Amino acid sequence: MDRLTALAAERLASVLAPFAGPDSRLAVRLEDRAGVLLAGTPGNATERAVSHDIRLDGRVAGRLVAAGPPSDVPEIQAAIGALAAAIQALLAESTARHAAESALASANTAADARTRRLDDELVLGRRLQRSFVAIVPPDVPGYDLATHYEPATEVGGDFFDLFRLARRGRPLSVVVADVTGKGVAAALLMAFARPLLHAAVDHASGPADALERTNRVLVEERRSPLFITALCATLALPTGRLRLANAGHEPPWIIPGDGSPIRSIEAEGPLLGAFGSLGLFETETELGAGDVVLFYTDGVTDARAASGERFEEDRLLAAIEAARGGVQAGRGTAAEIVESIRAAVTAFQAGVAPADDVTIVAIGRRALAPRRRPGRPLASS
């Protein structure tokens, strides 16, 4: 049995099974290089299909094929491509791990092999997740962007995306999401959903429309026991106007630059993939000079100490206040706020293994420098 066949039997059958529902118009299957079905739904030659090769050591080991009318949709094509890339990464990792285990079996004791195998699982899982998360934010003139992403010891499903839209003014798009559940199924759903959301934002009229488009694909084409909480926003850079829609995710916080109280942006809606229609509405606010907006996943507030106590919202707000020097001072850049929260969560856990991924994204609008009156010399020291 080759590695792709073994991987399909062990892990991928359940991942592709949701595409096989009787009402699904999109059939997704994994084939070996000879065209033999390994997992998913059988197809026929007359179907419209999109195919992505899965390679190992430079050679084609198999292919992921999506067939049916929805395969023409750009959002779905992007998502299937990402899913194929994730399967290819898993195949390479599985092959490397198998070789390492074989070597360990002949060179080390069984206990050493088990320890090394667990370490390899952690490294490989993190590598897979990081390959689909945009760690480095884009450069946005007039704004400071800061992010932190730390996967848990198990492979999970947090993801975020920050990118400029190709339309007038090139607004900034923000997506922060969390797949329910753990393990490879959650990580692969994340790999599928991230480009799906990205493409939906590119073609949608606004954040609510983007989430609705994504939800339709998840419900109609990929029935799964896993769901996604997601928050989508667009930021108009010249004005600081922030449009936001929320599908079951933690509400973001506005941290005013003038030191006034921190406030949440309330916008509620059901999770992605749970219902045919979300009925979302959009909330609008404006970032003034010096203001910061903070997005995060529940890995922050659900972090636990050795006693079992949760980090919760009060500690999150305290970490934000510590970064900006207290309510009256009104200081704290996006990077300082993210670092303060990260450090607070790490100290609170005090060596306890995290139960969930932690994602923090902050966007700050730079304060305007005071204007100097023309003709007046600068004061000298």
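In this predicted model, helix H7 passes helix H8 in a right-handed crossing. The contact draws on Arg315, Leu316, Ala319, Ile320, Ala322 and Ala323 from H7, and on Glu336, Ile337, Ser340, Ile341, Ala344 and Phe348 from H8.

Two packed helices are described by the angle between their axes and the distance between the axes. For H7, which spans residues 312-323, and H8, which spans residues 334-349, the packing angle is about 135° and the axes lie 8 Å apart. H7 and H8 are therefore oblique to each other, because an angle counts as roughly antiparallel when it is over 145 degrees and as roughly perpendicular from 65 to 115 degrees, with the rest being oblique.

A second topic is backbone geometry. Most residues other than glycine have a negative phi. Against that background, Arg170 has a positive phi of about 45° although it is not a glycine, and Glu312, likewise not a glycine, has a positive phi of about 60°.

| Residue | Phi | Relative accessible area |
|---|---|---|
| Arg170 | about 45° | 44% |
| Glu312 | about 60° | 38% |

As to their setting, Arg170 sits in the loop that runs between strand E6 (158-164) and strand E7 (172-179), whereas Glu312 belongs to helix H7. With a relative accessible area of 44%, Arg170 is partly exposed, and Glu312, at 38% relative accessibility, also counts as partly exposed, since that class lies between buried, under 20%, and exposed, over 50%.

Note on methods
Residues numbered from 1 in each chain as written. Predicted model: local features only at pLDDT ≥ 70, side-chain atom pairs only at ≥ 80, totals over all residues. Heavy atoms only, no water. Axes fitted to C-alpha atoms, helices over the stretch in contact; angles between N-to-C directions. Helix = DSSP H or I, 4+ residues; strand = E, 2+ residues; numbered from the N terminus. Parallel < 35°, antiparallel > 145°, perpendicular 65-115°, else oblique. Left-handed = near helix turned anticlockwise from the far one by under 90°. Contact = heavy atoms within 4.5 Å. Buried < 20%, exposed > 50% of the residue type's maximum accessible area, 1.4 Å probe, protein only.
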